Amino acid sequence: MIFTPEERQRYIRQLEWPGFGSAAQEQLRAGRVMVVGCGGLGSPALYYLAAAGVGRLGLLDPDRVEVSNLQRQILHATSDIGRAKVDSASERLRALNPHVRLAAHPVRLAADNAAELLAPYDVVLDCTDTFASKYLLNDACVALKKIFVHAGISGFCGQLLTVIPGKSPCLRCVFPAPPAATEAAAAAGPLGPVPGVIGALQAFEAIKYLAGVGTLLTDRLLTYDGLTGEFRPIHAHRNPACPACGADAQPKE
Ligand SMILES: [Zn+2]
């Protein structure tokens, strides 16, 4: 694959960086990432993925933009209120980088559509805000063997975990049950920079995987406390009895 002169200029910082280069950039262009949720986490994740030159992005969100979204969901603007989030997000991403192909899905992810929606992608980002959605995504990605980048926000704190299905701990290995009070905190918060930090890290995980650089954040749940500014990795292990990735859980193998 050859980059146009415009693309070469656009990505020059990445192309000329010794740790990245044109081979990594070509892999990014061939990469396909599904971002489930175009809100607080999905906004920065999508923006960085499009800016970096990931070839194909899926956007999935059933909701419309509300004024109360705008303090943290930075892909959307005041003039977008009432529009489908996938539409306003697509418009902004297209303006940023017209080379990226976008697929917008204004639907809610469910058990009966997850496999079909996620199948075309290499990496899936969990930018949702309920644990029910997170488990659903985790289970679908494990079954489909998609790289899965979980993230969650609770008040001033965030967390991140990358899952390589069948190799590293999945979300259900780490959280056999939803953490208490998470859902209430998600509804009440947070300040925009918290999902901004975590969503940017999700984009970085996808970029590292596609480009083949660095080390993925597997086997550790990274936690971030925005009020103290501290990151803390918590070691995680696969659960042999995990209902999603344990020995008895994979009828598709
Ligand atoms: Zn598991």
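**Notes on the model**

1. Leaving aside residues up to four places away in sequence, Leu 161 touches His 150, Leu 171, Val 174, Leu 217 and Leu 221. Contact here means that the C-beta atoms, placed from the backbone, of two residues lie within 7 Å. Leu 161 sits in strand S6, residues 157-163. It counts as buried because it has 29 C-beta neighbours inside 10 Å. The cut-offs for burial are 20 or more other C-beta atoms within 10 Å for buried, 12 or fewer for exposed, and partly exposed in between, with C-beta atoms placed from the backbone. From Leu 161 to Leu 15 the C-alpha distance is 28 Å, across 146 residues of sequence.

2. A word on conventions before going further. The model is predicted, so local features need pLDDT of at least 70 and side-chain atom pairs count only at pLDDT 80 or more, while totals for chains, interfaces and linings use all residues. Residue numbers start from 1 along each chain as its sequence is written.

3. Now the overall picture. The protein has 10 helices and eight strands; these are DSSP runs numbered from the N terminus, with helices being H or I of at least four residues and strands E of at least two. The C-alpha trace spans about 55 × 40 × 40 Å along its principal axes. The radius of gyration is 18 Å, which agrees with the value near 18 Å that a compact globule of 253 residues would have. That radius is taken over C-alpha atoms, and the globule rule is 2.2 Å times the number of residues to the power 0.38. Of the 253 residues, 42% are buried. Among contacts with a separation of 6 or more, 68% join residues 24 or more positions apart.

4. Nine of its 11 residues are buried, so H4 is largely enclosed by the rest of the structure. The buried residues are Gly 42, Ser 43, Pro 44, Ala 45, Leu 46, Tyr 47, Leu 49, Ala 50 and Ala 52. What do the buried residues of H4 pack against? Their partners are helix H3 (21-29), strand S1 (32-36), strand S2 (56-60), helix H5 (85-96), strand S4 (123-126) and H10. Just after H4, Gly 53 has a positive phi of about 100°.

5. Next, H4 against H10. Helix H4 (residues 42-52) packs on helix H10 (residues 193-211) at an angle of about 40°, and their axes are 7 Å apart. Axes are lines fitted to C-alpha atoms, for helices over the stretch in contact, and angles run from 0 to 180 degrees between N-to-C directions. H4 and H10 are therefore oblique to each other; under 35 degrees counts as roughly parallel, over 145 as roughly antiparallel, 65 to 115 as roughly perpendicular and the rest as oblique. On the H4 side the contact includes Tyr 48 and Leu 49, and on the H10 side it includes Gly 196, Gly 199 and Ala 203. By class, this contact of H4 with H10 has nine nonpolar, five polar and no charged residues. The classes are Ala, Val, Leu, Ile, Met, Phe, Trp, Tyr, Cys and Pro as nonpolar, Asp, Glu, Lys and Arg as charged, and the others, Gly among them, as polar.

6. H4 also packs with H5, at an angle of about 30° and with the axes 9 Å apart. The two helices H4 and H5 are therefore roughly parallel to each other. Leu 46, Tyr 47, Ala 50 and Ala 51 of H4 meet Ala 89, Leu 93 and Leu 96 of H5. The contact of H4 with H5 has seven nonpolar, no polar and no charged residues.

7. H3 and H10 pack at an angle of about 110°, with axes 8 Å apart. That makes H3 roughly perpendicular to H10. Ala 24, Gln 27 and Leu 28 of H3 touch Ile 207, Leu 210 and Ala 211 of H10.

8. Finally, two backbone spots to look at. Most residues other than glycine have a negative phi. Lys 145, in the loop between helix H7 (131-144) and strand S5 (147-154), has a positive phi near 60°. Asp 219, in the loop between H10 and strand S7 (220-225), has a positive phi of about 65°. Lys 145 is partly exposed, with 14 other C-beta atoms within 10 Å, and Asp 219 counts as partly exposed with 18 C-beta neighbours inside 10 Å.
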